[in-house]
Amino acid sequence: FWDILAVEFKRALRYGNPLSCLMIDIDLFKSINDLGTHAFGDYCLSEIGHMIRSPLRAMDLAARYGGEEFAVVLPSTDYSGAKTISEKIREKIESRLFKSKGFAMNLTVSIGVSSMPEDKADRYNNLVEIADQALYAAKMQGRNRVCLYRDIRLKDKEAKLGREKVAEIGFKLFNIMDGVKRDYIEATKNLIQSVEFKEKYRQNHSLRVSRLAARLAERLNLNQEQIDSITYAALLHDLGRVAISPKILSKKGKLTEEEYDLVKEHPAFGAQIIQPIRYLQEEFHCILHHHEWYNGSGYPQGLTGEDIPLGARILSLADAFDAMSSQRPYRQALSQDEIRNEFLASSGVQFDPNLTPIMLNMIEEEAFSNA
């Protein structure tokens, strides 16, 4: 890639021809591996590579530039032509449903574009650097879009916001997004209650788990942003159960292996529901992994120890406490002594052995009730 770009850069300077560079990044690629498998992620990378090449000419070059990032060199192509090609690539990927071995997902890409001679590039690597800046701007503007460095340059020239002004605007935007997030969570409570209404024994389960998870997070002296994120994740952690038949969820007898396998899908279902919501990405990982076990025998990915996100380890304890202290179709609520023994037996197996004593202290102090 670099060798060919260097040659094309020299040729463009010598003959006065335009030369454009595209930087292409798959949006939210980590969630692709989290929701599917690494094999599915590899499949998506391969397919997108083919889709990027399809509208290009023989003289153009497409390259894998990084993990989920691609680069394209377009000789004798100005901004207008580069934008046209970029939009073709973006629209082609956006309209495709990626399907392989039981997984299906819609994907998008963000694209940054640079072009000389409009962009004053002293060296060939400058074209990549400024295309990368345009890519970053495309991400910041909401992803799934093409951004030209020329537009950034013009906006910067017109705006000339000082550092203090930028910080002030950033703070205001943070407050706006935080308010949007809180409003979303409040609105979602109604949906959660409707899901839990179908399982009589689980009514208000998510609210109780949310309060308990928040108290655990406070005991660990986490900052307020982390506490809020864990609280929200706990409130949303069972959203995926909406995809499972109420007959299975309310079954009094032992579940069949097939039924249990379906129930185990609910963390992935819940994560898939919130995956498109950009301001819930921390909660996404907490919800996806709240049934992982400390010894690696949990699901959906069999993570072990501290590879499991801290929020998910906290949520696991809070969820288990509420389950054990509540009546279920297949058993009565456990006593405080029985709950304590269950936690002790499962410390280091299902639960984080460093967090379990904190949970036990909270039980002994009677800091929470099931009411």
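Which residue just after α1 takes a positive phi? Gly16 does, with a phi of about 70°.

This is a predicted model, in which local features need pLDDT of at least 70, side-chain atom pairs count only at pLDDT 80 or more, and totals for chains, interfaces and linings use all residues. Residues are numbered from 1 along each chain as its sequence is written, and side-chain values use heavy atoms, with hydrogens and water left out.

Start with the whole chain. It has 16 helices and seven strands. Helices (H or I, at least four residues) and strands (E, at least two) are DSSP runs, numbered from the N terminus. Of the 371 residues, 46% are buried, meaning under 20% relative accessible area with a 1.4 Å probe, protein chains only. The chain exposes about 19300 Å², by the Shrake-Rupley method with a 1.4 Å probe. Carbon and sulfur atoms supply 51% of that area.

Now turn to helix α1, residues 2-15. Its 14 residues should span 20 Å at 1.5 Å a residue; the expected span is 1.5 Å times one less than the number of residues. The end C-alpha atoms are 20 Å apart, which agrees. Leu5, Ala6, Glu8, Phe9 and Ala12 of α1 are buried. Their cover includes β1 (19-26), β3 (69-75), β6 (109-116) and α5 (124-140).

Last, the cysteines. Cys21 counts as buried because its relative accessibility is 0%. Cys286 is buried too, at 5%. The structure holds zero disulfides, a disulfide being a pair of cysteine sulfur atoms within 2.5 Å.

Notes: Buried < 20%, exposed > 50% of the residue type's maximum accessible area, 1.4 Å probe, protein only. Contact = heavy atoms within 4.5 Å.
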